[in-house]
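I opened this notebook page to record what I looked up, one topic at a time. The entries follow the order in which I went through the model.

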Amino acid sequence: MESIVEQNSVKCYHCGNDCKGADIKIDTKVFCCNGCKSVYEILDANLLCDYYALDTNNPGNKIEEAGKSKYAFLDEETIIAKVLDFKEGDKFGVTFYIPSIHCSSCIWLLENMQKIHPGIIASNVHFRKKEINIQFNNKISLRQLAELLTSLGYAPVINFNGKEINRKTVDKVLLYKIGIAGFCFGNIMMLSLPEYLSVSDKFSGDIKGLFIYLSLILSLPVFTYCSADYFISSWNAIKTRTVNIDLPIALGVIAAFSQSIYEIYSGAGPGYLDSLSGLIFFLLIGKWYQNKTYEALSFERDYKSYFPLAVTKIENNSERYVTLDKLKAGDTILIRNKEIIPADGYILEGTGVIDYSFVTGESSLITKETGQKVYAGGRQDGSAVKIITSKEVSESYLTQLWNKDNTINKLNGLVEFTNKIGKYFTIAVLIISLGSYIYWIGKDPGIALHAAVSVLIIFCPCIFALAIPFGFGKAMNIMGRNGLFLKNTETIEKLAHNDSIVFDKTGTITTTENPKVSFFGELTDAQSEMVKSLVKNSTHPLSRSIYIFLKVDSSLKPDSFIELPSQGIKGKFNNIEVIVGTAEIAGLELNKDTGMVPGSKVYIKINDEVKGCFVFRNSYRKGFDQISGILKRDYSLHILSGDNDSEKGYLSNYFTPSNLHFNQTPQSKLDYIKKLNQEGKVMMIGDGLNDAGALQQSNCGISITENCGSFSPACDAILDASAFSRLPVFLKYAKACVRSVYGSLAISLSYNVIGLYFAVQGLLKPLVAALLMPISSVSVVLFVTIMSSFWAKKYGLR
């Protein structure tokens, strides 16, 4: 048996390599190894076996041959380094631009690639940018990954020279299809003139038949090529057991073409080839018009213009904060504990203890020494390090990482509603179309087909899907320009629906600018240097205030460093232990400091001896008293602070005393939010340092930042500290935008009902329906974007 297998050179059904035997098989399909067999089983279980239909004569060669020359450059190490977003151990990350992404079925397939190949860990699609971010391991190479995408019909466009891809010219297929459909439509209309002028009876049967068959020949490229996207998209939807907007259109085209073929061959008439060609022509023009309109209204954020994060840049032995858009390749930056690395670079000084969970989703610390490479999105977990950047900041990449939310979040009502209504409306229109055809077929077959096709075409469920991304997308743009940077469009609705607002105190409602700091105790210059060098590594607002207050050198490097949330920091310098933090971490009882000056207190303990205490007289943010008065009209306001209660008397003027909670740990903050969630929806506003869990647990978490590169990935929005006084305006604006989207949905519903009313009666021709469909979509998009701008102007947002 083995000799027969070798003589016939049996090929593996999956990879195409020669099989040493025929022992590993499923039915008649032989595999070279259990790995190939497993991949086949995964494809088969997920209805993806069309993969094997790409090349039935040479299994396995469909990838190797088709992409062998095209993606061979991805085997070069220098090019791989340019293309990859991330590389650490056996984990890699890459972002590909894929022009052929066009529907929900594409998203489903591409976001389930881990089922196709065991080397793929996860994949996320950015639909509007037509990008896919893939995390993979060393079981698949970058070249093989690109070839796999190509084999599935999603060839990535890769530019490894660092130049921007001109995405408007990448895919001209739509224009080609419009040209072919227009040419065929015009000629079919010309050949149909005798029918239009009712003079066809004067032509001999041969000439009349010639015209009809010429029209049929001209309609073939329209049906097979120009309409192909609708068929492919519909088939992919059916395979994935979903319903999309292309399905009714595809059914209408097939019905019109089939009816025409039947009439031509039965001699009943010339069919509807002119209407069919015109329908496809105008649908394609409508698609082009929509694309151009969406490009003009694109809300893709110019991240560099208002992403409210900063980083410490070291220049001429001095430190200063710069916004991320000012950071260039070759700059030296200081990354403190818990700060995000904004750009790829190399460790220049210090030891990096990098947490890449922000990038990979896996929480593990990786040690990096001087000269080793670090990647954007990593978070330092230890003492400060100096990094020299090798790339400019890609703020869109940081935001992409921010949106890789691994937590389970329930859909908001509006998003869930539009998803459901789009699905059920599509099913309903299929039933209505079939009912119209059955009703009219016995009375007037001509009206029957027109009515059925018009119903399929005029209905546009995609309107429901467009209102939210464009309406809320415009609002995201406007809020970002005014200092509130949102994670995604769903955050708009999260902002609009809350019953309670919970504030952190230190660094949230208080400011670190021009702090009023006093020190009670005694420190030598050497001890002050150790304290300043230690707090330099922390991003906590009080640590930064101490750093500014002490006028000594800070070049000492701690031998060890640890930061304890809500307690303080510890470090050692030549076996001298330095502790900076609360009374608890300093070993004092809380009642021991009652006789001191009121304010936030940070104790200094050196080698088991308390040396003194820094006292901070809190300076509240500008407009705090006004916005608290405005907000408490509509919301229940709360304070959760890890600080002592020295400010309780002052804050009682703005908050209900029972809602003021001090000496809170991160866990107690989280528990309090959980409790409030049982009573209604909660918004949490904090600095993202000690309240990450509370931010994540809330309905809407906002991290406030003030010249800092530390924020919580769990938050839904980042608020520039300078825009704090605009918080009530942002909340009112979000509510107005939600109302606008509901209004657009009402308009969409009315349009569809009116259109269906005329269509089922046969009063609406398919050509007219094809013209009205894109106009309706564009009108809804214009409505929500215009209203977003209107509300912004009304509330004083630029």
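I began with residues 741-760, whose end C-alpha atoms I find 28 Å apart, and the span is 100% helix and 0% strand. Helices (H or I, at least four residues) and strands (E, at least two) are taken here as DSSP runs, numbered from the N terminus. The model is predicted, so I note that local features need pLDDT of at least 70, that side-chain atom pairs count only at pLDDT 80 or more, and that totals for chains, interfaces and linings use all residues. Residues are numbered from 1 along each chain as its sequence is written, and side-chain values use heavy atoms, with hydrogens and water left out.

**Transmembrane annotation.** I checked the unreviewed UniProt entry, which lists residues 173-190, 210-232, 424-441, 447-472, 741-760 and 766-792 under "transmembrane region"; such annotations may be inferred rather than shown by experiment, and the positions are given in the numbering used here, with feature names shortened. For residues 424-441 I read a distance of 26 Å between the end C-alpha atoms, with 100% helix and 0% strand.

**Cysteines.** I looked for disulfides (pairs of cysteine sulfur atoms within 2.5 Å) and noted that the structure holds zero of them. The sulfur of Cys184 has its closest cysteine sulfur in Cys226, at 6.5 Å, which is too far for a bond. Cys184 is buried, with a relative accessible area of 3%, and Cys226 is buried as well, at 1%; buried means under 20% relative accessible area, exposed over 50% and partly exposed in between, with a 1.4 Å probe and protein chains only.

**Helix 24.** I compared the length of helix 24 (residues 666-677) with expectation: at 1.5 Å a residue its 12 residues should span 16 Å, and the end C-alpha atoms are 17 Å apart, which agrees. The expected span is 1.5 Å times one less than the number of residues. Its buried residues are Lys669, Leu670, Tyr672, Ile673 and Leu676. Seen down the axis of helix 24, these buried residues fall within an arc of 160°, so they line one face of the helix; the arc is that of the directions from the helix axis to the C-beta atoms. They pack against strand 17, strand 24, strand 25, strand 26 and helix 25, where contact means heavy atoms within 4.5 Å.

I traced an open sheet of three strands in the order 12-11-14, with antiparallel pairing, where two strands pair if DSSP finds at least two bridges between them. The edge strands, strand 12 (365-368) and strand 14 (379-380), each pair on one side only. Strand 11 (residues 352-355) pairs with strand 12 over four bridges, and Asp355 has Leu365 in strand 12 as its bridge partner.
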